[in-house]
Amino acid sequence: MKGVSLQMLALSELKPHEYTDDCRVKYVMDEISRSKLWKAPVVVDYSTKIIMDGHHRVQAANIIGLKSIPCYMTNYSDKNIKVCCWKTGNKFDKSQIYLAASSGYLLPIKTTRHVIDYELKELSLDIELLKSDIDKKNFYELSNQ
């Protein structure tokens, strides 16, 4: 798969590779609850369902009680996806991400930074819609409102 596609995924399908900061999760949760809108889709690897960008949003969605969220699907093998270390800026070994996600031994908070060379548009989806199952066929219509 090249590029990105927008899809609705169940939270249970998503695989984290890093821990989250509780204060940041609370901030994101408060922002979503206040606006009652889901604005920024999470970026996810198509084949593994590993979260590339959006760990705090996923955690907030779980706490709020959402069932599914919009996700931009892409692929780690895409040349427009680069992974580096937050602290040093050096290239990060993607095999460590796969290992953390598959083993459950997550990396520390903000270990990786995914640089995604695609324009990722924001949405304005009512979070009440995300608390129930959304027909994937109707998701396209909702995301284009």
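Trainee: Why does Cys23 count as exposed?

Mentor: Cys23 has 63% relative accessibility, and exposed means over 50% relative accessible area, buried under 20% and partly exposed in between (1.4 Å probe, protein chains only); Cys23 therefore counts as exposed. The model is predicted, so that local features need pLDDT of at least 70 and side-chain atom pairs pLDDT 80 or more, whereas totals for chains, interfaces and linings use all residues. Residues are numbered from 1 along each chain as its sequence is written, and side-chain values use heavy atoms, without hydrogens and water.

Trainee: What makes Cys71 count as buried?

Mentor: The relative accessibility of Cys71 is 0%, and Cys71 therefore counts as buried. In the protein, 43% of the 145 residues are in the buried class.

Trainee: How many disulfides does the rule give?

Mentor: A disulfide is a pair of cysteine sulfur atoms within 2.5 Å; by this rule the count is zero.

Trainee: What makes α2 "mostly covered"?

Mentor: Seven of the 10 residues of α2 are buried, namely His55, His56, Arg57, Val58, Ala60, Ala61 and Ile64. Helices are DSSP runs of H or I with at least four residues, and strands are runs of E with at least two, numbered from the N terminus. The buried residues of α2 pack against α1, β2, β3 (42-45), β4 and β5 (68-74), where contact means heavy atoms within 4.5 Å. Gly65, with a positive phi near 100°, follows α2.

Trainee: How do you know that β6 and β7 are joined, and how do they run?

Mentor: Two strands pair if DSSP finds at least two bridges between them. Five bridges join β6 (residues 81-85) to β7, and the two run antiparallel. Arg113 in β7 is the bridge partner of Cys84.

Trainee: What is called a pocket here?

Mentor: On a 1 Å grid over the protein atoms alone, a pocket is an open set of points with protein on both sides within 12 Å along at least five of seven lines; lining residues have an atom within 4 Å of a point. The largest pocket holds about 630 Å³ of space and has 26 lining residues, with Arg24, Asp53, Gly54, His56 and Arg57 nearest its centre.

Trainee: Which element gives the most to that lining?

Mentor: α1 does, with six residues. Others that supply at least two residues include α2 (55-64) and β7 (112-116).

How values were computed: 1 Å grid on protein atoms, 1.4 Å probe; cavity = no way out; pocket = protein on both sides within 12 Å on 5 of 7 lines; lining within 4 Å. Points joined across faces, edges and corners; volume = space filled by probe spheres on them.
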